[in-house]
Amino acid sequence: MNRFIVFAPWEYTPHSGGHIALHTLTKNLCELGQDVTILEDCGFECNAKVVKIWKGETLTYDKDNTLVIYPEIIEGNPLEAKHVIRWILYDVKPEVEVTWRESDYYFYNIPRFKTIRQETKKILTAFNFDFTPAIKEKTKDACILLRKKAPERLVFHADIIAEPKSIQDFCEQVAPYAIFYTHDDATFYSEIAYLCGCRSIILSSPPRDVTTSFEKLNEMKQKSIEETKELIRVFQRIK
């Protein structure tokens, strides 16, 4: 049987897009019948094994039959794995990428994320979770979530919402607002805000309105599963 190790040795943080992606991929692989190990308790219900190496637990595995999946922030090959996937969840810092091996395979969460390597990009998304949008009367004007790419000072008025504790917490925070802003052009929160009845705007240049639908989310979930199947097929070819 194929074995996968998802390298996420940090306590699960439900407001982190990277954490959500890594733990959703773990869930997807488990649902497809794979033998999966994650290095922290999974944020979603699944049958993944948990080995907390950051708490001193020992991880042993068959290197010939195991694929290690590293997020793009990881330097080098901490687990000394034979088979490695680099999952590009954001633009990669060149000083990190130069520590990777030529034999490592890249999968990209979004095609526009940048790496030094020039190649046809294999896409791997991870969407397989549910939430309930909070729909409320719009009693407030505008709010903003300050995350990646946010300036030091705002040039317009908007209430700054707290860093969400969970997706559901985010829904409750934005629901009373007519408009939701963010500078982060790689966050799913903008689509969630739209489903909560807000006009959702990414403050890129030029600013961009975000729209979506539950039908689109269902399509994204199915697409994510199909891309995970392709990841499994790639591993079967290279091992």
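Select Ile238 to begin: at 23% relative accessibility, this residue counts as partly exposed. The classes used here are buried for under 20% relative accessible area, exposed for over 50%, and partly exposed in between, with a 1.4 Å probe and protein chains only. This is a predicted model, in which local features need pLDDT of at least 70 and side-chain atom pairs count only at pLDDT 80 or more, while totals for chains, interfaces and linings use all residues. Residues are numbered from 1 along each chain as its sequence is written, and side-chain values use heavy atoms, with hydrogens and water left out.

**Helix H5, from Ile238**

Ile238 is part of helix H5. Helices (H or I, at least four residues) and strands (E, at least two) are DSSP runs, numbered from the N terminus. Show the surroundings of Ile238: not counting residues up to four places away in sequence, Ile238 touches His83 and Tyr105. A contact here is heavy atoms within 4.5 Å.

Glu226 is partly exposed, at a relative accessible area of 35%. Its C-alpha lies 9.8 Å from that of Asn28, although 198 residues separate Glu226 and Asn28 in sequence.

**Where H1 meets H5**

Now display helix H1 (residues 17-31) together with helix H5 (residues 214-238); their axes come within 10 Å and cross at roughly 75°. The axes are lines fitted to C-alpha atoms, for helices over the stretch in contact, and angles run from 0 to 180 degrees between N-to-C directions. H1 and H5 are therefore roughly perpendicular to each other. On this scale, under 35 degrees is roughly parallel, over 145 roughly antiparallel, 65 to 115 roughly perpendicular, and the rest oblique.

Which residues meet at this crossing? From H1, select Leu25, Asn28, Leu29 and Glu31; from H5, select Ser224, Ile225, Thr228, Leu231 and Ile232. By class, the contact of H1 with H5 has 5 nonpolar, 3 polar and 1 charged residues. Nonpolar covers Ala, Val, Leu, Ile, Met, Phe, Trp, Tyr, Cys and Pro; charged covers Asp, Glu, Lys and Arg; the others, Gly among them, are polar.

Elsewhere in helix H1, select His23. At 1% relative accessibility, His23 is buried. Leaving aside neighbours within four places in sequence, His23 is in contact with Ala8, Tyr12, Ile38, Glu40, Asp41, Cys42, Gly43 and Phe44.

**The loop between E6 and E7**

Go to Thr125, in the loop between strand E6 (105-108) and strand E7 (140-145). Thr125 counts as buried, at 17% relative accessibility. Draw the polar contact between the side chains of Thr125 and Glu227, at 2.5 Å. Such a contact is a pair of N or O atoms within 3.5 Å; within protein, one must be able to donate a hydrogen and the other to accept it, and residues adjacent in sequence count only if both atoms are side-chain atoms. Not counting residues up to four places away in sequence, Thr125 touches Trp87, Asn109, Lys223, Ser224 and Glu227.

Is Thr120 buried or exposed? Thr120 lies in the loop between E6 and E7, and at 71% relative accessibility Thr120 counts as exposed. Thr120 and Phe107 are 13 residues apart in sequence and 10.0 Å apart from C-alpha to C-alpha.

**Two backbone stops**

Most residues other than glycine have a negative phi, and most peptide bonds are trans. Select Glu80, which has a positive phi of about 55° although it is not a glycine. Glu80 sits in the loop between strand E4 (66-71) and strand E5 (83-88) and is exposed, at 55% relative accessibility.

Then select Ser205 and Pro206: the peptide bond from Ser205 to Pro206 is cis, with omega near 0°. Pro206 is in the loop between strand E10 (199-202) and strand E11 (208-210).

**Cysteines**

How many disulfides does the structure hold? It holds 0 disulfides, where a disulfide is a pair of cysteine sulfur atoms within 2.5 Å. The sulfur of Cys143 is 5.8 Å from the closest cysteine sulfur, in Cys198, which is too far for a bond. Cys143 is buried, with a relative accessible area of 0%. Cys196 is in no disulfide either; the nearest cysteine sulfur, that of Cys171, is 3.8 Å away. Cys196 is buried, with a relative accessible area of 0%.
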